[in-house]
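Here is a short briefing to read with the sequence and the 3D view open side by side. Take it one topic at a time, and look for each part in the picture as you go.

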Amino acid sequence: MSPETPAGAATAASAPWSIRLRDAVVRYPNGVVGLKKISLDIEAGEMVSIVGLSGSGKSSLIRTINGLVPLSSGTLEVGGHRMDLARGRELRRLRGQIGMIFQGFNLAGRTTVLNNVLVGRLAHTSVPRTLVGAYRQRDRQLAFEALDRVGMLERVYHRAAHLSGGQQQRVAIARALAQEPGIVLADEPVASLDPPTAHAVMGDLRRINRELGITVLVNLHLLDLARGYGTRLIGLRAGEIVYDGPAATATDADFERIYGRPIGDQDLLGGTTAGSVQGGDQDLLGGQSAAPAGTPA
Ligand SMILES: Nc1ncnc2c1ncn2[C@@H]1O[C@H](COP(=O)(O)OP(=O)(O)OP(=O)(O)O)[C@@H](O)[C@H]1O
Ligand SMILES: [Mg+2]
């Protein structure tokens, strides 16, 4: 982004990235196959829900796209760059453009919200600056804007450990945004949250996809969330893609095929907030949560 870019647009500096996997195989050192020859094209700006039973390969897919798990064979391109061939500084540069959100938030609890979000700037900050904690004014501006985008600006100097789970996950989203990512990957981001908070966090992810155009992939095991927030649904079973189509029109029968069993209450979050699952725009108010007023987040 050029220095004259107006404030407010700063967290959308990177162009969104596409993802291309060709015949991608992940075989772990113990011989277990996490991904079996997957070929997949995700276009820049898509919002993809990835579903499947435990052990179907959802985390393997996300970790592969982030370069955390190497391909055993096949190819991986992110944003037009060959991630599978990248090493050292180039690999770190590519990974710096990919924001990660985890089920357990992965914040440093003893330090402030602001410092946690500034960690997202590390990939763009020189080592000597990082060592002295000398973040540039622009890094701080990006961190503040990212926190504003998820409605967490007023907690900027709070300790991360003092926040609720939903608030911590929003800070984690802000940290990812501060990277100015081309892709955000979320691995079961709401699995530890109560239903209203889960909807609020999913609403935030949808908002950064819609407003900033960032490509978002979310691993989920609850079909109402997968159907309600993704525009595209990918179903994994035993390391293979067994469903790929629009999320909104995926039927219960499609989910039963992906899961290989009848679906039940355990596959639904429930507690939907009006507008959030039906695709309403209640969560598009910039930093406002999709949860009903008064809901702890
Ligand atoms: N580091 C690893 N070493 C060996 N095997 C692994 C490793 N990580 C995952 N696996 C195996 O790869 C397969 C896919 O696992 P993965 O974690 O991708 O599934 P998942 O869909 O994310 O499951 P869950 O819903 O439980 O998180 C499983 O058989 C798992 O045991
Ligand atoms: Mg997993």
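Let us begin with strand 6: four of its five residues are buried, so this strand is largely enclosed by the rest of the structure. Please keep in mind that you are looking at a predicted model. The chain has 297 residues, and 43% of them count as buried.

**Strand 6 and what comes after**
- Strand 6 pairs with strand 7 (residues 183-187) in the parallel sense, and five bridges join the two.
- One place to look is Met100, whose bridge partner in strand 7 is Leu185.
- A loop runs between strand 6 (98-102) and helix 3 (113-118), and Asn106 is found in this loop.
- Asn106 counts as partly exposed because 13 other C-beta atoms lie within 10 Å, while a residue needs 20 or more to be buried.

- In the order 2-1-4-5, four strands form an open sheet with antiparallel pairing.
- Which strands stand at the edges of this sheet? They are strand 2 (33-42) and strand 5 (81-82); each has a single partner strand, so one side of each is left without a neighbour in the sheet.
- Strand 4 (residues 73-78) and strand 5 run antiparallel and are joined by two bridges.
- To find this pairing in the picture, look for Val78, whose bridge partner in strand 5 is His81.

**Helix 1 and Leu61**
- Is helix 1 largely enclosed or left open? Six of its eight residues are buried, so helix 1 is largely enclosed by the rest of the structure.
- The buried residues of helix 1 are Lys58, Ser60, Leu61, Ile62, Thr64 and Ile65.
- Leu61, which lies in helix 1, counts as buried because it has 29 C-beta neighbours inside 10 Å.
- Setting aside residues up to four places away in sequence, Leu61 touches Leu35, Ile50 and Leu236.
- Leu61 and Asp187 are 126 residues apart in sequence, yet their C-alpha atoms are 9.8 Å apart in space.
- For the chain as a whole, take the contacts between residues at least 6 apart in sequence: 70% of these join residues at least 24 apart.

**The surroundings of ligand 1**
- How many residues surround ligand 1? There are 13, and the closest are Tyr28, Ser54, Lys58, Ser59 and Ser60.
- Helix 1 (residues 58-65) gives the largest share of this shell, with three residues.
- Sorted by class, the shell around ligand 1 holds 10 polar residues, two nonpolar residues and one charged residue.

**Backbone angles to look up**
- As background, most residues other than glycine have a negative phi.
- Lys37 is not a glycine, and its phi is positive, near 50 degrees.
- You can find Lys37 in strand 2, where it counts as partly exposed because it has 15 C-beta neighbours inside 10 Å.
- Asn106 is not a glycine either, and its phi is positive at about 55 degrees.
- Gly67, which follows helix 1, has a positive phi near 75 degrees.

How values were computed:
Residues numbered from 1 in each chain as written. Chains lettered and ligands numbered in written order. Predicted model: local features only at pLDDT ≥ 70, side-chain atom pairs only at ≥ 80, totals over all residues. Pairing = 2+ DSSP bridges. Near = placed C-beta within 6 Å. Nonpolar A, V, L, I, M, F, W, Y, C, P; charged D, E, K, R; others polar. Buried ≥ 20, exposed ≤ 12 C-beta atoms within 10 Å, placed from the backbone. Contact = placed C-beta atoms within 7 Å.
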